[in-house]
There are 2 protein chains.
Amino acid sequence: MSEVIIMKELLGENTRIAEENRDLYKKDKVIMVNIMGAPGAGKTTLIKALTDELKSRSVESAVIEGDLFSSIDADKFNDNGVKSVEINTCGECHLDAAVIKSGYDSLGFKNGVVFIENVGNLICPAEFDLGEEVRIVCASVPEGDDKPFKYVPMFSYVDAVALTKCDLKEAVGFDTDNFRKGMDAVNEAPVFETSLKKGSASDPGVKGLVDFILKKS
Amino acid sequence: MSEVIIMKELLGENTRIAEENRDLYKKDKVIMVNIMGAPGAGKTTLIKALTDELKSRSVESAVIEGDLFSSIDADKFNDNGVKSVEINTCGECHLDAAVIKSGYDSLGFKNGVVFIENVGNLICPAEFDLGEEVRIVCASVPEGDDKPFKYVPMFSYVDAVALTKCDLKEAVGFDTDNFRKGMDAVNEAPVFETSLKKGSASDPGVKGLVDFILKKS
């Protein structure tokens with residue numbers, strides 16, 4: 001049996017479970033948001049800011065945290081009073097619908113927003129539907145303005161982009177027009193710019209992203 | 001047949017071809033260097049600096065450039081007078097020994113150093129032996145000082161670390177001691193610090209890395 005056929009079968013099974021997940025989230029009145037991005041793109045910091053902004057609007061949220069081995073990121077949420085579960089992929093490069101189902105069940109959460117922090121990887125997660133309602137890629141300014149041109153499957157896959165660490169634009173010579181040109185070539189998804197180093201309380205990008213997510217309810 | 005068994009068979013075949021590659025490089029007096037790292041870690045910029053430094057020491061070099069779809073990076077080398085070939089993985093998240101064999105054959109290069117720029121991914125490439133002599137992970141300062149703790153397979157797999165974009169340490173609050181603590185926990189590989197924004201002519205990290213590579217000849 002060839003690698004391609006096996007991959008198609010695995011993805012078929014994943015899509016079936018993702019559909020079941022989608023029905024479950026709808027029944028539970030949960031907006032499931034899949035946050036993807038490269039290592040160090042700022043996914044954890046962004047999710048913390050989004051949970052804070054939701055709290056200020058009296059919307060409950062929780063986090064399903066994907067990590068290769070450690071529990072560093074999940075600990076950060078628990079310390080912050082946001083309910084979270086850890087999924088250790090034991091080295092796997094993505095999360096799939098079955099592990100998300102299991103993580104979601106153990107959360108025991110209803111009526112609000114659940115964020116999935118995917119494994120730090122700008123390639124593989126774009127092949128696995130998790131049944132989510134919103135897909136966001138977190139792309140950081142220091143990664144460079146050419147990323148939408150180079151990581152086409154991921155930037156095509158998402159509903160919105162969080163362009164993070166925008167306070168570093170000048171330091172790294174980031175060309176925002178080139179980044180947007182790359183996005184326009186592959187996707188009509190909106191780009192929200194964030195700078196969270198000094199906190200998120202008044203960040204317009206975070207507010208915009210939360211508006212975007214809540215429109216899906 | 002389970003996913004695990006299939007993966008083992010595929011990796012077994014990869015290891016067999018990697019051994020053949022290793023013999024070939026030795027016969028051709030080529031030091032093969034596999035440069036891995038997350039998207040935007042600065043792999044291309046580092047390789048350009050290393051080829052320049054080798055040129056100043058009268059050592060020839062060439063590049064095998066892995067990209068998902070585009071030829072953006074290979075074009076940069078050809079513009080710079082360094083022989084390069086492009087491998088388009090058509091979305092695959094890593095390079096394997098067979099595609100490297102094919103890329104190497106089409107280079108037609110002997111007596112010097114060949115750099116492989118792997119696909120931007122801090123996870124999957126650490127499972128695929130390419131027959132290389134030296135493995136380097138490129139980790140950039142803005143990705144954060146916790147990466148060796150979180151991406152253990154990659155940081156365990158390498159012979160050396162290039163810590164790039166060190167000029168941004170203060171701007172992002174990078175804790176070098178924590179990074180080195182993470183490395184010490186998984187690997188004795190040396191860490192070379194580079195800052196290449198203003199050129200590489202006198203960068204001690206680049207000189208150190210070239211010394212390190214040439215010791216393998």
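The model is a predicted one, in which local features need pLDDT of at least 70 and side-chain atom pairs count only at pLDDT 80 or more, while totals for chains, interfaces and linings use all residues. Residues are numbered from 1 along each chain as its sequence is written, and chains are lettered from A and ligands numbered from 1 in the order in which they are written.

In chain A, α2 (residues 43-56) packs against α9 (residues 204-214) at an angle of about 70°, and the two axes lie 10 Å apart. Helices here are DSSP runs of H or I with at least four residues, and strands are runs of E with at least two, numbered from the N terminus. The axes are lines fitted to C-alpha atoms, for helices over the stretch in contact, and angles run from 0 to 180 degrees between N-to-C directions. On the α2(A) side the contact is made by Ala49(A), Leu50(A), Glu53(A) and Leu54(A), and on the α9(A) side by Val206(A), Lys207(A), Leu209(A) and Val210(A); contact requires C-beta atoms, placed from the backbone, to lie within 7 Å. This contact of α2(A) with α9(A) comprises 6 nonpolar, no polar and 2 charged residues. Ala, Val, Leu, Ile, Met, Phe, Trp, Tyr, Cys and Pro count as nonpolar, Asp, Glu, Lys and Arg as charged, and the others, Gly among them, as polar.

Turning to the pair of chains, chain A is superposed on chain B by a rotation of 180° with 0.0 Å of shift along its axis, at an RMSD of 0.0 Å. The two copies are thus related as by a two-fold rotation axis. The superposition is by least squares on the C-alpha atoms of residues with pLDDT of at least 70 in both. The same surface serves both copies, as 100% of the contact residues of chain A recur in chain B.

Each chain gives 33 residues to the contact. On the side of chain A that touches chain B, the elements giving two or more residues are α1 (3-27), α5 (147-150) and α6 (152-157) of chain A. That side of chain A has 19 nonpolar, 7 polar and 7 charged residues.

Notes:
Contact = placed C-beta atoms within 7 Å.
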